[in-house]
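Subject: Handover of a structure and findings

Dear colleague,

Please find below the structure that I am handing over to you. My findings follow directly after it.

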Amino acid sequence: MTMATESIVDVAPAELQRLLDIQRAAQAADPIPDAATRRDRIDRLVAAVLEHASELAEALDADFGGRPATTSMELDILGGLQTIAHDREQLEAWMAPTAVPAAMGGAIPTFVQNRPKGVVGIIGPWNFPVVLVFLPAVEALAAGNRVMIKFSDMTPRTGAVFARAVASRMSPDEVAVINGGLQTATAFSDLRFDHLFFTGSPKVGRLVAAAAGRNLVPVTLELGGKNPAIVAPDADIADAAARIAAARLVNSGQVCLSPDYAFVPESNKQAFIEAYQKAVLSYLPTFLDNPDVVSIINDANYARVTGLVEDAKAKGAAEIVIVPEAEKDRLPDAGSRRFPPTLLLDTPADAEINAEEIFGPVLVLHTYSHVDEAIGYAAVGEHPLSSYWYGGDTDDFQRFLLKTTSGAVSRNDFGLAYVNDAVPFGGVGMSGSGAYHGKAGFDTFSHQRPVAQHDLPNVLASAFVPPLTPERADGVAATAAAVLAGTTAQLQDQGGAG
């Protein structure tokens, strides 16, 4: 059937506050839900999404103006299920109090209690609008919280289906889904949540963080960046080119983990170009009418990607459009928002595409004479969400790990750290702050509260109040002198060893 166009209706700030108050009251009535309650909430949210999976895929196709159902199912609707299964399995272990060594020679036994933070707000992006609110919501529920979700206004049909799906299984005091435009998003960010989780661009992330800061709300920011892919001197050039091409084409490049630029040895430049073209055409033998192609999300982003490429070309970059020859004069196509896979060569340093995240199927190709040139380029500037190395686990790779900073590193494939439930997923600096996935997600949405106990007759605080006797002063001075002497001895030993 044909999806009806969803109009964007803003939600009044008073209604948002009412929902927050409902959730906060419900949380106060059951501040630390047991494992069975948490697992039931997770299972109902998963069921809500799966029961509406086909409708969600259809809505995503309509919102994008062309997105294959298989792509939406694999990456957006079913994409978080492995992590969710891991969360369910580990729930009791993560909830259990953590024993820590007792202080004061064993006199003060202490444990750490994992408490829910309360009500968590989640603001989702448009590129994977389902999984990138669904998964953090599950992990917030696993930690025992209530959840309010602000769905992206750039995918309104999907937002309407998702809200209806969640409401079919969840009470508003457990999980509430809010749709609406900029006014709603602004009011949502202004709410006094116990934690606010945002996925999106650094530009919007700044605004969200500023709004949360006014209320002293802790924030997790999942952002993006200029992700590098370095093809090492020892790499198989054809294999690396094919792997990078696949990574660049996922969701037509509309992925925060996509490689934005690649470095290859100067001597292998032509071999890489030919292998990259061959790989792209093997994935997409036709383009303009190919049902497997994902369109750019909207006219504004289509114009933005087009503008980045045109700016680079105007400043001297060479463009290679990788589609069948007969289609080249018909692409890019503004009507269908299909932007063709593109390589940019010899792109000058002042081109805008070197500074802005592309979010389209365009790869900027650089060359190096020595791999340290590529490592040095990747090491300066803002830290990306992910870095890629194609080649062996060599001294060059270890130097790359030492000299560069990024949210994660994957060697020889795309987004490897993202699919491992045992490691945190998140950025650093401009690519984000905080993390989730698995235990990291549970910890993000939990407050680790130390509980210390003292049943002995002596009072600890009495040691720090008057009378301030000479004996106490002498004891403090003696302790300081002993510590200083020990530190000085260590420094002298280190100096001698050096």
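In which loop is leucine 216 found? The model is a predicted one, and in it leucine 216 sits in the loop between α9 (202–214) and β7. The phi angle of leucine 216 is near 55°, a positive value in a residue other than glycine. Leucine 216 counts as exposed because its relative accessibility is 76%, and the cut-off for that class is over 50%.

Asparagine 251 also deserves a note on its backbone. Its phi is near 55°, again positive in a residue other than glycine. Asparagine 251 is placed in the loop between α10 and β9. With a relative accessible area of 3%, asparagine 251 is buried.

Two cis peptide bonds may be of interest to you. One runs from leucine 331 to proline 332, with omega near -5°, and proline 332 is found in the loop between β10 and β11. Another joins proline 466 and proline 467, where omega is about 10°; proline 467 has its place in the loop between β16 (446–452) and α16 (470–497).

On the overall division, the protein is split into domain 1 (13–224 + 436–449) and domain 2 (228–405). The contact takes 15 residues from domain 1 and 21 residues from domain 2. Between the C-alpha centres of domain 1 and domain 2 there are 32 Å.

The second largest pocket holds about 530 Å³ of space. It is lined by 28 residues, and the closest to its centre are Leu75, Leu257, Phe414, Tyr418 and Val419. By class, the lining comprises 17 nonpolar, seven polar and four charged residues. Helices α4 (69–77), α5 (81–95) and α6 (131–142) each supply at least two residues of this lining, and α6 gives the most, with three residues. Domain 1 and domain 2 each contribute at least three residues to the lining of this pocket.

Helix α10 (residues 237–249) has 13 residues and reaches 18 Å from its first C-alpha to its last, close to the 18 Å expected at 1.5 Å a residue. Its buried residues are Ile237, Ala240, Ala241, Ile244, Ala245, Ala247, Arg248 and Leu249. Among the elements that cover these buried residues of α10 are β8 (227–231), β9 (259–265) and α11 (269–283), as well as β12 (362–368) and β13 (386–390).

Helix α12 (residues 299–314) has 16 residues, which should span 22 Å at 1.5 Å a residue; the end C-alpha atoms are 22 Å apart, so the two values agree. Buried in α12 are Asn301, Tyr302, Val305, Thr306, Leu308, Val309, Asp311 and Ala312. These buried residues of α12 pack against β10 (318–321), β11 (342–345) and β12. After α12 comes glycine 316, whose phi is positive, near 120°.

Finally, glutamate 222 lies in strand β7 (residues 219–222). Is glutamate 222 buried or exposed? Glutamate 222 is buried, because its relative accessible area is 3% and the limit for that class is under 20%. Not counting residues up to four places away in sequence, the residues that glutamate 222 touches include Phe197, Phe198, Thr199, Phe425, Ser431 and Tyr436. Glutamate 222 and leucine 132 are 90 residues apart in sequence, and their C-alpha atoms are 9.8 Å apart in space.

With kind regards

How values were computed:
Residues numbered from 1 in each chain as written. Predicted model: local features only at pLDDT ≥ 70, side-chain atom pairs only at ≥ 80, totals over all residues. Heavy atoms only, no water. 1 Å grid on protein atoms, 1.4 Å probe; cavity = no way out; pocket = protein on both sides within 12 Å on 5 of 7 lines; lining within 4 Å. Points joined across faces, edges and corners; volume = space filled by probe spheres on them. Helix = DSSP H or I, 4+ residues; strand = E, 2+ residues; numbered from the N terminus. Nonpolar A, V, L, I, M, F, W, Y, C, P; charged D, E, K, R; others polar. Domains from an automatic or database assignment. Expected span 1.5 Å × (residues − 1). Buried < 20%, exposed > 50% of the residue type's maximum accessible area, 1.4 Å probe, protein only. Contact = heavy atoms within 4.5 Å.
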